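Hello,

Here is the structure we talked about handing over. My notes on it follow below.

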Protein chains: 2
Amino acid sequence: MLGKKESCCSNRGNRLPKIKEMEIPDSIRQELEQLGGFDALADRIPQREDLEEKSRIYHALSDPLRLTILHLLKDQPLCVCVIKKFVRIADSKLSYHLAILKERGLITGEYQGNWVIYSLTADGRSFVR
Amino acid sequence: MLGKKESCCSNRGNRLPKIKEMEIPDSIRQELEQLGGFDALADRIPQREDLEEKSRIYHALSDPLRLTILHLLKDQPLCVCVIKKFVRIADSKLSYHLAILKERGLITGEYQGNWVIYSLTADGRSFVR
DNA sequence: ACGATATTTCAACAAAATTTGAAATGAGAT
DNA sequence: ATCTCATTTCAAATTTTGTTGAAATATCGT
């Protein structure tokens with residue numbers, strides 16, 4: 001969803017204006033100052049890497065077809081051949097979506113005889129409860 | 001992420017092949033039959049509307065910048081003017097991302113004087129615990 | 001009503017994700 | 001080795017998302 005080098009989020013090390021010097025609504029200023037001001041607020045933002053990792057997982061989940069696949073795998077592993085009967089799409093398209101789920105660590109797949117069998121990972125499982 | 005009319009997921013009403021008639025790996029067949037076969041499997045797939053709704057929420061979360069905004073709002077509402085100091089991007093860009101979070105019901109915003117103040121919704125909050 | 005500041009909207013553009021169909025690969029059977 | 005079936009890979013075309021800068025809107029103070 002986002003390349004490697006773009007600055008998107010983290011903030012640490014950015015010089016923030018002093019809260020005193022900024023014109024902001026009173027209610028906001030007061031609450032913020034009680035909670036430690038801008039510096040404390042900056043500390044509440046997770047590391048950029050963590051945000052990027054999370055956003056990639058959410059991206060994998062951001063498609064109904066991929067959610068369907070996760071639900072199909074909820075109670076047992078399945079070969080592509082069975083998944084295919086439920087999501088009626090081109091093989092290559094199914095493969096593409098399986099690859100995304102796999103790359104994000106939500107499912108794993110391995111050959112078993114002629115077939116490839118996919119299962120949920122623990123991470124994947126956490127989203128189909 | 002996905003248009004209205006595409007068939008993407010649900011499956012109900014699709015004629016499925018009989019599990020007996022299909023060639024699938026033995027281990028899979030056995031487990032599946034124990035769990036009620038193809039019909040039961042089909043029933044485990046949520047309604048298409050639910051999947052689409054969920055996928056749109058996940059899509060909103062699939063960007064590090066938007067996740068940053070949610071974290072900024074975790075402990076108190078903020079005006080755009082403060083958010084802007086933390087995510088250093090063009091105003092219109094920030095507005096675009098705020099609009100996505102808002103449209104997906106993760107934040108709400110309202111004018112208070114000259115400023116617009118955003119807060120997490122209950123839904124939004126559930127993702128920044 | 002007018003001017004100033006904060007924020008949003010819009011349309012054009014750029015970038016990223018998805019779809020498609022053909023070709024390639026993996027694995028067992030012959 | 002060759003055939004066949006299941007699945008993946010690839011590159012090109014298409015669609016969706018995100019970015020940009022200019023213009024519009026909201027609200028307040030005068």
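In helix 3 of chain A, the buried residues are L51(A), E52(A), S55(A), I57(A), Y58(A), H59(A), A60(A) and L61(A). Buried stands for under 20% relative accessible area, exposed for over 50% and partly exposed for anything in between, with a 1.4 Å probe and protein chains only. Helices (H or I, at least four residues) and strands (E, at least two) are DSSP runs, numbered from the N terminus.

This is a predicted model, in which local features need pLDDT of at least 70, side-chain atom pairs count only at pLDDT 80 or more, and totals for chains, interfaces and linings use all residues. Residues are numbered from 1 along each chain as its sequence is written, chains are lettered from A and ligands numbered from 1 in the order in which they are written, and side-chain values use heavy atoms, with hydrogens and water left out.

Helix 3 of chain A covers residues 48-61 and has 14 residues. From first C-alpha to last it reaches 20 Å, close to the 20 Å expected at 1.5 Å a residue (1.5 Å times one less than the number of residues). Its buried residues pack against helix 4 (64-72) and helix 6 (91-103) of chain A, and also against helix 3 (48-61) and helix 4 (64-72) of chain B. Contact means heavy atoms within 4.5 Å.

R66(A) lies in helix 4 of chain A. R66(A) is buried but has no salt bridge, and the nearest side chain of opposite charge, D63(A), is 4.0 Å away. A salt bridge needs a side-chain nitrogen of Lys or Arg within 4 Å of a carboxyl oxygen of Asp or Glu; Lys and Arg count as positive, Asp and Glu as negative, and His and the chain ends are not counted. Leaving aside residues up to four places away in sequence, R66(A) touches H59(A), A60(A), H97(A), I100(A) and L101(A).

The two chains

Chain B superposes on chain A by a rotation of 180° with 0.0 Å of shift along the axis, at an RMSD of 0.1 Å (least squares on the C-alpha atoms of residues with pLDDT of at least 70 in both). The two copies are thus related as by a two-fold rotation axis. In chain B, the C-alpha nearest that axis belongs to Y58(B), 2.6 Å away.

The sheet

In chain A, 3 strands form an open antiparallel sheet in the order 1-3-2 (strands pair if DSSP finds at least two bridges between them). Strand 1 (78-79) and strand 2 (107-112) of chain A each have a single partner strand, so one side of each is left without a neighbour in the sheet.

Regards
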